[in-house]
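Thanks for coming. Please have a look at the sequence and the fold before I start talking.

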Amino acid sequence: MIYERQKGVPKFKCTEYAEKTKEYVVLIPIINEGDRIHKELFRAKRNTISEYADIVICDGGSSDGCTDEKKLKKLDVNTLLVKLDIGKQGAQLRMGIWWALQRGYKGIITIDGNNKDSIEDVPYFIEKLGEGYDLIQGSRFIKGGRAINTPFIRTVSVKFIHAPIISLTAHHRFTDTTNAFRGYSSRYLRNKQVQPLRDIFMTYELLAYLSVRATQIGMRACEIPVTRAYPQKGKLPTKISFFKGNSELMKILFKNAFGIYAPK
């Protein structure tokens, strides 16, 4: 089924392999992740994650065969959403969030599709959502979390630049703010003071914004320990280039700090 572009939501194609079966959904934004997404989904299958939440792929237009229908079905994927419009990660997440809210999920968990994150920890996010938290941030830097082979420059930039700025903006201490492994309550995402479905969120703006908005408006937030593991060798699985990507992230951080993304 094709959903035409509407305000705040890109045009996209939806292929449902199964009906809604759970109260929570895992949204995995990807683009050309190759075998990394299959390895991640295999880990999810091995840990019976589909018994806790429906698994949905939010594809940005992959051309490397990683969204092969037979493979996704075999790995317990519930639905494939494919963006047919402009925008990057922010547009993929808006597509997924709109669709998930329309389908009536109580909460959404997001996780990258490059096999760096501990997808087996999804039940702990659901547990916290069930306790009434509206934003659950996964962190490799708190007790119980594990940071494996994290590049030195990433550790420094997160701990001493990104996390402090986000924490000051949110009026709440966070430790791993570039980590997209998170949980959001539908109550948070539907709140009129939040409004995540806006075209201003094209790249990484939405992640930064949703990190701070919950506590700014008095909603409940917490961190839980997760694992993020980088490969020992080879190219880093990331879409953020060192110079251009990081400079764009800094611009987003400061726009966020000055309230540029808050609803007018």
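Predicted model: local features only at pLDDT ≥ 70, side-chain atom pairs only at ≥ 80, totals over all residues.

Residues are numbered from 1 along each chain as its sequence is written, and side-chain values use heavy atoms, with hydrogens and water left out.

The sheet comes up before anything else. Strands of a sheet pair through backbone hydrogen bonds, either parallel or antiparallel. Here an open sheet of 9 strands runs in the order E1-E2-E5-E4-E3-E6-E9-E7-E10, and the pairing is mixed. A strand is a DSSP run of E with at least two residues, a helix is a run of H or I with at least four, and both are numbered from the N terminus. Two strands count as paired if DSSP finds at least two bridges between them. Which strands stand at the edges? They are E1 (2-3) and E10 (221-225); each has a single partner strand, so one side of each has no neighbour in the sheet.

Now strand E5, residues 79-83. Strand E2, residues 12-16, pairs with E5 in the antiparallel sense over 5 bridges. Among the bridge partners, Thr-15 goes with Leu-80, and Cys-14 goes with Leu-81. Strand E4, residues 54-59, is joined to E5 by 4 bridges, and these two run parallel. There, Asp-59 has Val-82 as its bridge partner.

Is E5 enclosed or open? 5 of the 5 residues of E5 are buried, so this strand is largely enclosed by the rest of the structure. Buried means under 20% relative accessible area, exposed means over 50%, and partly exposed is in between, using a 1.4 Å probe and protein chains only. Thr-79, Leu-81 and Lys-83 point one way from E5, and Leu-80 and Val-82 point the other way.

E4 and E5 also belong to a right-handed β-α-β unit, with helix H2 (residues 69-74) as its helix. Right-handed means that, with the strands pointing away from the viewer, the path from the first strand over the helix to the second runs clockwise.

Next, helix H1, residues 35-46. Its buried residues are Ile-37, His-38, Glu-40, Leu-41, Arg-43 and Ala-44. These pack against strand E3 (24-30), E4 and H2, where contact means heavy atoms within 4.5 Å. Just after H1, Thr-48 takes a positive phi of about 50 degrees.

Last, the rings. How many aromatic pairs are found in the whole structure? The search gives 8. Rings of Phe, Tyr and Trp (its six-membered ring) pair if their centres lie within 6.5 Å; planes under 30 degrees apart are stacked, over 60 edge-to-face, and the rest tilted. Tyr-3 and Phe-12 are stacked, at 4.8 Å centre to centre with 15 degrees between the planes. Phe-12 counts as buried because its relative accessibility is 0%. Phe-201 and Tyr-261 have ring centres 5.9 Å apart and planes at 50 degrees, so that pair is tilted. Phe-201 lies in the loop between helix H6 (186-190) and helix H7 (205-216), and Tyr-261 in the segment after helix H8 (244-257), so the pair ties together parts that are 60 residues apart in sequence. Tyr-3, Phe-12 and Trp-98 form one aromatic cluster.

Technical notes:
Expected span 1.5 Å × (residues − 1).
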